[in-house]
Amino acid sequence: MDASKRSFLPIPHLAKREKMNIFAAMGIRVLAFVLGMLVCGIVASLLVKDISFNWKSMKSFYYCFYEGSFTTNRKLLAYIKDLAVLLCIGLALAPAFKMRFWNTGAEGQTLVGVLAAILVNFYLGGSGNPDIALGDLPLSLIMLVAAVLAGCIWAALPALFKARFNTNETLFTLMMNYVAKYLVSFSIVRFLTNANSSGSMKSLSSGRLPVLFTQMPSIDKPGTTFKIPQSLNDYLIVGCIVLIVTVFMFVYLKYTKHGYEISVVGESTRTAKYVGISVKKVIIRTMLVSGALCGLAGWLIAQVDKSVSTESSVHGQGFTAILVAWLARFNPIFMVATAGIVVFLNKGASRIATDYSISPSLPDVFIGIVLFFIIGSEFFVNYKLKFSFAGKAEEVSK
Amino acid sequence: MADNPAVALEFKNITKTFGHVVANNNVTLDVRKGEVLSILGENGCGKTTLMNMAAGIYFPDHGSILIDGHPVTIRSPKDAYEHKIGMIHQHFKLVDIFTAAENIVLGLNEEGKYNIANVNARVSEIASRYGFNIDPKAKIYDMSVSEKQTVEIIKVLYRGADILILDEPTAVLTLQEIKRLFEVLRHMAADGKSVVIITHKLNEVMEVSDRVAVMRKGEHIATVDTDKTTIQQLTDMMVGYKTDLNIHRSEPVSPRPRIEVKHLSLRDKEGNQVLSNVSFKANGGEILGIAGIAGSGQRELLETIAGILRPEKGEIIFHNPKKDRPVTFYHKTLRQIKKLARERCFHYPDGSTVTFAGKSNRQIRDEVRREQVLFNGDEIMDLRYKTPLEIRNLGVKLSFVPEDRLGMGLVGNMGISDNMMLRSYRKGMPVFLNLVKPKKLGQEIVDKLEVVTPSLRAPVRRLSGGNLQKVLVGREISSSPKVLMAAYPVRGLDINSSYLIYELLDEQKRTGTAVIFVGEDLDVLMELCDRIIVMNSGSITGTVDGRTVTKDKLGFLMTKQVKKKQA
């Protein structure tokens, strides 16, 4: 019988892990990141003329990645700003995802937030209507309210339909992105009349954030201080606001009654009904929170960009944020780390594109490779590969 | 025993682990030709895991499986069929819109499987050989559970299986259907086939099997001949020590009506009549049993009373035991109290009737606060169309242990303390959760009911069925309920946990709670309950005294049809 022959071969099979030590799990993820970067290096050496697979060349390749975010004061502040905006959208998604409401519409919710803020700035800040020119701070606050409201509306629509008619929220929110996008295109042409011929609009100058940060210890020249220009002051304020939002979201999800209801509804709507939680109410309320935070992110973008363009205002961060939220398992504190990695990769990749003057699509491949490794590593956190020696084992156990 | 020539299937030193859980530890067991072997053991003792390895669902970590004395490698259900092993799982895997014959040949790789007429004939041939009753052309969606099971068994026989493994085959069948199934199994054994039944029901073991293999905590304890053993001996082997199989039933103390259901009807989302014209009364200080075949509307009845499902018509009346107890502002507003006073519902401690005539609101409030205003009798409340939250807010202490522990009663991914909060999280400070009290309650339950858990924060889905149920029942009785409803509270529990649950229910009854107990084991119902109502297809077919009723009478009522009356 060939069965007896076969049974001496090791037979691989997968087994679920009970629960992994948190440090071991972290170790696997770090290892995955390192491996991913390593594979990037190999791929780069194969595809790019200027990079070869030797120590010196690889060193400059990886340094280039690092250079994208951390070498100068300006880059560091820009890194903080990008991290903050992405994190803010990720935080907006966290409660929705925790409720198992797959909100894929953060992009659109953020975009309408940007649009609302810019429209307010345009009409109340002196550009669109010379008669009204509010001061910086009140204008800024009205922009904030408008952006948050717009985000809420964009998120509330699919939530209402989900609660009332049980429509599929994934498709609904996804489609709302396109509505938002074309609404922006339309608004630029129709309302924001300082739009130039390329379809984007010129930056506005009113509604500045207050100057809170003027200097910081320099990282280019250690020991000296760096005088922060006003535009970079905005970046730091954005960072501070999102820091507050992170703490708020952590507390909201973990220590409040709302957060508890979100967890229960997400785990099982039947349990929610059993204890008398109104699932509809929780869905709508949570999506309002989610939309409000997306709107807030839109306001942050509007504050630092002071313009709105058809497609590139949010840079697809509404989708990237889904990844950020998932990787962190919807934990706001972990999200700081995942958003940090994603922004680091983005910045490093675009730096490589300029330094080696290659097309920007190749760095995107690098980002893809590293993320693939990080996401793939989750499998090894949850499962382990085992080999059985069925035939031999019998002898051993005797 | 090992050199018995008629051994069909042999497990040798089988070990299987899942993570840290050892499901099977060095199990050696043999199945003979032409016998019915019962694998007996409590839930989680590894009996299904062991058989799944013969059926190709799992692969052993160590050890080997021998068929007719030769070691074999079974890596998939297909391999199992090649070695003439067929398993009938607890949950049927049939395509609803196909006929019986189509399901039987589905996935089979042989010539002529599309010749349905031929297949029909062969199916009928197998059916008549063993005494099955089946129409090969009938669609699955038209079939009863027992017919579906028949299809699964024939499917296995059609593939030429000589070794049949049935996982808890009687769980979904009526008494009569079980009898017929056992007859068929005996026929098959007489025909030289080996039949393995996985079960935890002792009387069935005694009835049908030639030998019994007892398993406990992943280990094979012993295999004994059925005619040389007793139920008591088997139980002791299953549990590991001497057990007392008597359920304590205390005498009801002054039963008073507590919940009254009148002409209750319910339709499901598809418009099917799930409950029709159900009326009964549950008394405080009494255990009311609900018997019936699974799916006769027991679950829906309890869920309707609990406010989770919305009835079509009927009444649910709750008698709040308030006689001679003070009214409070906790669940009532001033306006409601004044209205009740006008209806002459209150009296003062000295016996005179409360009228509040000529009293200011302030004086009334003062009297209520000083607990001077007492109820004349039990308060009658209508619970119909109320949500679980509204019922709570009315001050009705109604606890419900649902059938679906993890899907409804508890949240699997939360720890014990977070699950304690489910009922009480709204209390306390605004906005923020009170994390201290649930933790304390959780610890109390863990200590009192001896729940085995790594910690209060470990997700409860990792707990065993018994521990899970202790957590759920513990939480539900922690609010000292006036009505306690429990749907299949001992399903899947080991013997010890089951008896603990019975004792807890009896304890609640002694404190005057109205206990409603939906059970499947008739012996338990007859030993535990004071009164039993029997349901069949959404109607009540009879109400009997738990102390005097016979099993045959219950079996008869469970299958009795109530004439559909359009009301």
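User: Is Glu125(B) buried, exposed or partly exposed, and what is its relative accessible area?

Analyst: This is a predicted model, and the values given here are computed from it. The class buried requires a relative accessible area under 20%, and exposed requires over 50%, with partly exposed in between. Glu125(B) falls in that middle class, so it is partly exposed, with a relative accessible area of 41%.

User: Are Lys155(B) and Glu152(B), which meet in a salt bridge, buried or exposed?

Analyst: Their side chains come together at 3.6 Å, N to O. Both sit in helix H5 (residues 145-158) of chain B, 3 residues apart. Relative accessibility is 12% for Lys155(B) and 6% for Glu152(B). Each value is under the 20% limit, so Lys155(B) counts as buried, and Glu152(B) also counts as buried.

User: What is the nearest side chain of opposite charge to Glu204(B), and how far away is it?

Analyst: Glu204(B) belongs to helix H7 (residues 202-208) of chain B. Beyond its neighbours within four places in sequence, its contacts are Thr170(B), Ile178(B), Phe182(B) and Thr199(B). Glu204(B) is buried yet has no salt bridge. A salt bridge needs a nitrogen-to-oxygen distance within 4 Å, whereas the nearest side chain of opposite charge is Lys201(B), at 4.2 Å.

User: How many salt bridges are found over all chains?

Analyst: The pairs discussed above include Arg129(B) with Glu125(B) and Lys155(B) with Glu152(B). A search of the whole structure brings the total over all chains to 42.

User: Which residues gather with Lys437(B) in a patch of positive charge on the surface?

Analyst: Lys437(B) is located in helix H15 (residues 436-448) of chain B. Its relative accessible area is 62%, so Lys437(B) is exposed. The residues that gather with Lys437(B) in the patch are Arg325(B), Lys397(B), Lys427(B) and Lys440(B).

User: What is the distance between the C-alpha atoms of Thr224(A) and Phe319(A)?

Analyst: Thr224(A) occupies the loop between strand S2 (215-217) and strand S3 (225-227) of chain A, and at 36% relative accessibility it is partly exposed. Aside from neighbours within four places in sequence, Thr224(A) is in contact with Pro217(A) and Ser218(A). Phe319(A) lies 95 residues from Thr224(A) along the chain, and their C-alpha atoms are separated by 39 Å.

User: How many helices and strands does chain A have, and how many does chain B have?

Analyst: In chain A, buried residues form 50% of the 398 residues. In chain B, they form 53% of the 567 residues. As for secondary structure, chain A has 15 helices and 4 strands, and chain B has 19 helices and 22 strands.

Technical notes:
Residues numbered from 1 in each chain as written. Chains lettered and ligands numbered in written order. Predicted model: local features only at pLDDT ≥ 70, side-chain atom pairs only at ≥ 80, totals over all residues. Heavy atoms only, no water. Helix = DSSP H or I, 4+ residues; strand = E, 2+ residues; numbered from the N terminus. Buried < 20%, exposed > 50% of the residue type's maximum accessible area, 1.4 Å probe, protein only. Patch = residues over 30% accessible without salt bridge, like charges linked within 9 Å, V, L, I, M, F, W, Y side chains within 5 Å. Areas by Shrake-Rupley, 256 points an atom, 1.4 Å probe, with all protein chains shown as cover. Lys, Arg positive; Asp, Glu negative; His and termini not counted. Charge placed at Lys NZ, Arg CZ, Asp CG, Glu CD. Contact = heavy atoms within 4.5 Å.
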